[in-house]
Amino acid sequence: MALVEVKVPDIGDFKDVEVIELLVKPGDTVKVEQSLITVESDKASMEIPSSHAGVVKELKVKLGDKVGEGSSLLMLEAEGAAAPAAAPATAPAPSPVRAEPVEAPPSTPSPSTSSGRTESGGPVDVVVPDIGDFDEVAVIEVLVKPGDTIKAEQSLVTVESDKASMEIPSSHAGVVKDVRVKVGDKVKKGTLLAVVEAAGAPAATTAATTAATAPAAAPAAAPAQPSERVVPTAALPAHEPSAPKGALPHASPTIRKLARELGVPLEEIKGTGPKGRITHDDVHGFVKGVMAGTVQTKAQAAKAPAGAAAGGAFPGLLPWPQVDFTKFGPVERKDLSRIKKISGANLHRNWVLIPHVTNHDDADITELEAFRVQLNKENEKSGVKVTMLAFLIKASVAALKKFPEFNASLDGEQIVLKQYFHIGFAADTPNGLMVPVIKDADKKGIFQISQEMSELAKKARDGKLSPAEMSGGCFSISSLGGIGGRYFTPIINAPEVAILGVCKSSTEPVWDGKAFQPRLMLPLSLSWDHRVIDGAAAARFNAYLGQILADFRRVLL
């Protein structure tokens, strides 16, 4: 097999177009006409195919490079001769067909105008110009709407083949009276796009030369001096005709085809490529997320509101009731905050997938509360206020050390026992629930924990909490002590296996063997994952935690 240098073929008048996507890497086996890179100009993006089949040995370009006809793309260990000059009808050869300007004689109307058009203006039929060998290409964007004022050479629609996408500009300036195509329509040379109330003579350079199109992998020729792209005056529709909302995703034709085959809504994917372009990895990552239940499409969300499972209703259950609430009285609709959307999906998954059991108990914190009040008086000038939650964090660390199965996570058929003690605490914010994490709580004292809690809670309320400050938790505490209530069932924060809920303490009569004594009692609610923890261990954990809170000196043991 011979070593072949694959170069950029004739792509018309395009010079120094930018490489925005690399579709192969060294070691890949490619076929003849398989796309190697995607390049982009101000009017079109196109894929450059391989002239040979074989194995990629070396890439000669990288993202951001500028290439033109004859630029070296890669070295290929070829399997055979070069691809034939003529390609099948479904995949035209890379050499472009340049669209010639259409110049109407003084006495003959331009092909892009209506028969009644005059130089002074009037209604003009704007049609698809010569776009080379392309036939029946799909409209994926309509960039204008009736009433829009447009300039000559302003883009009207974007069309796409299996190898290239391109914008079709207007041959005239004026006001759009009617748009004759919609997203999903198939168009070709001569198809009527719009009726424009022309402001004057047509553009000197016709749509044919600026549409920049080419068969298969390359666009047609661009004008010698391409005009600056005019920002569309209308909102951009979505790529898929079945979902005509939102902006067109930034993706190559190959990616769009892949998305169509997989049923992926491109407009819901955040691109990680240059300029936000959606890559193969982005599409595959989105699919994996949907399959794993960590990502939900808008269509899924619409079909599975509030009470339904993340991926749809459970088999055998009645569908979620669809009610027109306005029939019963006035209503107001509000979008869920971003935090509530994220936390809601996580809580729902955790509640459905984890077999929760909750043990309730009471802890006598009479002496501990008196000690806390005394500490705050003694350190009033320090600015650090010690809360009961700081003692709960320290007590939880002691309990986790004694019962290590609570400081664990499930990983398949294995239990991961952690040797570190990072404790999360639920913070109530205006936008929803967040869980900052106190790292290495076993190595910190009450004052340091109190100070970190205060700082993290403020960040959470201000919306400045970083992902790192909410990750790595071993055990979480949800405190409703400042609000009220008695007991509740806190939902485990996966991949943790337990969570402690506490409510407002109250003074109660407790029998000491001789008489009832007023004692300050703190309600405890411990939820645990029954796949990892059994009932006896949970009861012992709660009891031991109560002992520490009743006599905090036990933390030192």
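Predicted model: local features only at pLDDT ≥ 70, side-chain atom pairs only at ≥ 80, totals over all residues.
Close-up 1. The peptide bond that joins Ala-494 and Pro-495 is cis, with omega at about 10°. Most peptide bonds are trans. If you are checking backbone geometry, the bond between Ala-494 and Pro-495 is one to look at with its omega of about 10° in mind.

**Close-up 2. The loop between S3 and strand S4, with Glu-33.** Here is another piece of backbone for the torsion-minded reader. Glu-33 belongs to the loop between S3 and strand S4 (35-40). Its phi is near 75°, a positive value in a residue other than glycine. Most residues other than glycine have a negative phi.

**Close-up 3. Strand S6 and its pairing with strand S3 and strand S8.** Strand S3 (residues 29-30) runs antiparallel to strand S6 (residues 54-59), and two bridges join them. Within this pairing, Val-55 in S6 is found opposite Thr-29. S6 also pairs with strand S8 (residues 72-78), again in the antiparallel sense, over five bridges. For a landmark in that pairing, look for Glu-58, whose bridge partner in S8 is Met-75.

**Close-up 4. An open sheet of eight strands.** Reading across the sheet, the order is S7-S2-S4-S5-S13-S12-S10-S15, and the pairing is antiparallel. At the edges are strand S7 (66-67) and strand S15 (186-187), each of which pairs on one side only. Inside this order, S12 and strand S10 (residues 137-142) pair in the antiparallel sense over four bridges. Thr-158 in S12 stands opposite Glu-141.

Close-up 5. One place to start tracing is Gly-174, which has Ala-198 in S16 as its bridge partner.

Close-up 6. Rolling a probe the size of a water molecule over the atoms shows where empty space is left. In this model, a search of the whole structure turns up two cavities of 30 Å³ or more. The view here is of the second largest cavity, which holds about 40 Å³ of space. Around the second largest cavity are Val-142, Val-144, Leu-156, Val-157, Val-179, Leu-193 and Ala-194. By class, the residues of this lining are seven nonpolar, no polar and no charged. Strand S12 (155-160) and strand S16 (192-198) each contribute at least two residues to the lining.

**Close-up 7. Helix H7 packed with helix H8.** Two packed helices are described by the angle between their axes and the distance between the axes. For helix H7 (residues 388-402) and helix H8 (residues 446-462), the angle is about 120° and the axes are 9 Å apart. The crossing of H7 past H8 is right-handed. On the H7 side, the contact involves Leu-389, Ala-390, Phe-391, Ile-393 and Lys-394, which meet Ile-446, Ile-449, Ser-450 and Met-453 in H8. Sorted by class, the contact of H7 with H8 has seven nonpolar, one polar and one charged residues.

Terms used:
Residues numbered from 1 in each chain as written. Heavy atoms only, no water. 1 Å grid on protein atoms, 1.4 Å probe; cavity = no way out; pocket = protein on both sides within 12 Å on 5 of 7 lines; lining within 4 Å. Points joined across faces, edges and corners; volume = space filled by probe spheres on them. Nonpolar A, V, L, I, M, F, W, Y, C, P; charged D, E, K, R; others polar. Axes fitted to C-alpha atoms, helices over the stretch in contact; angles between N-to-C directions. Left-handed = near helix turned anticlockwise from the far one by under 90°. Contact = heavy atoms within 4.5 Å. Pairing = 2+ DSSP bridges.
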